[in-house]
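The sequence and the structure are displayed below.

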Amino acid sequence: MLTLVVGGAASGKSEFAESLAAGFPRYYLATMEPWDDEDRRRILRHREMRREKGFETVECYHRLERLALPGRGWVLLECLTNLLANELAEEDPEGLILRGVEHLLAQSREVVVVSGDVFADGEDYPAETRRYLRLLARLNRRLAGRADRVAEVAAGIVIWQKGGAL
């Protein structure tokens, strides 16, 4: 089963996605590549928080299709926006990510993908940023089409767009 959870920054989307975890093992698939000490501290803090919730953290910044999970379980991919930024230099980042999600589904009971809603500000961005935003929008649409469930989180309020709570 595939669930897509979309929301803006600090909307509560990650907490909601974590609450969907049903069963064990639980894998938190971290995609934020650390660039400095602040990033590393943030990752350590998040790793501890999720361990208390029963998650094993697996870091994967690139090429999900190469990842072999330790066991068949429940996967939280956090988050698509970071993963796309990491894969942006690849020839076909969209295809690479979609194949990676299918690879995760093949070795999991359930995959929950968290993605950002970064399209509402109306700013005029440089060409590379616009390319990133277009790719993220297409990925969100394609994953929503493939997903069994899609939820949008705004200000901590969950709105089921497809499927719904089990």
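## Helix packing

The crossing formed by α3 and α4 is right-handed. On the α3 side, the contact involves Leu80, Leu83, Leu84 and Glu87, while α4 contributes Pro93, Leu96 and Ile97. The model is a predicted one.

Helix α3 spans residues 80-87 and helix α4 spans residues 93-106; their axes come within 9 Å and cross at roughly 130 degrees. The two helices are therefore oblique to each other, since an angle of 65 to 115 degrees would count as roughly perpendicular and one over 145 degrees as roughly antiparallel.

## Aromatic pairs

There are 3 aromatic pairs in the structure. One of them joins Tyr28 and Phe55 in an edge-to-face arrangement, with 6.5 Å from centre to centre and 80 degrees between the planes. Tyr28 belongs to strand β2 (residues 26-30) and Phe55 to strand β3 (residues 55-59), so this pair ties together parts that lie 27 residues apart in sequence.

Tyr28 counts as buried because its relative accessibility is 8%, and buried means under 20%. Phe55 is likewise buried, with a relative accessible area of 5%. Ring pairs link Tyr28 and Phe55 with Trp74 into a cluster.

## Arginine over aromatic rings

Arg26 is placed over the rings of two residues, Phe24 and Phe55. The charged end of Arg26 sits 4.3 Å from the centre of the Phe24 ring. For Phe55, Arg26 lies over the face of the ring at 6.0 Å from the ring centre.

Conventions:
Residues numbered from 1 in each chain as written. Predicted model: local features only at pLDDT ≥ 70, side-chain atom pairs only at ≥ 80, totals over all residues. Heavy atoms only, no water. Phe/Tyr/Trp six-rings, centres within 6.5 Å; stacked < 30°, edge-to-face > 60°. Helix = DSSP H or I, 4+ residues; strand = E, 2+ residues; numbered from the N terminus. Buried < 20%, exposed > 50% of the residue type's maximum accessible area, 1.4 Å probe, protein only. Lys NZ or Arg CZ within 6 Å of the ring centre and 35° of its normal. Axes fitted to C-alpha atoms, helices over the stretch in contact; angles between N-to-C directions. Parallel < 35°, antiparallel > 145°, perpendicular 65-115°, else oblique. Left-handed = near helix turned anticlockwise from the far one by under 90°. Contact = heavy atoms within 4.5 Å.
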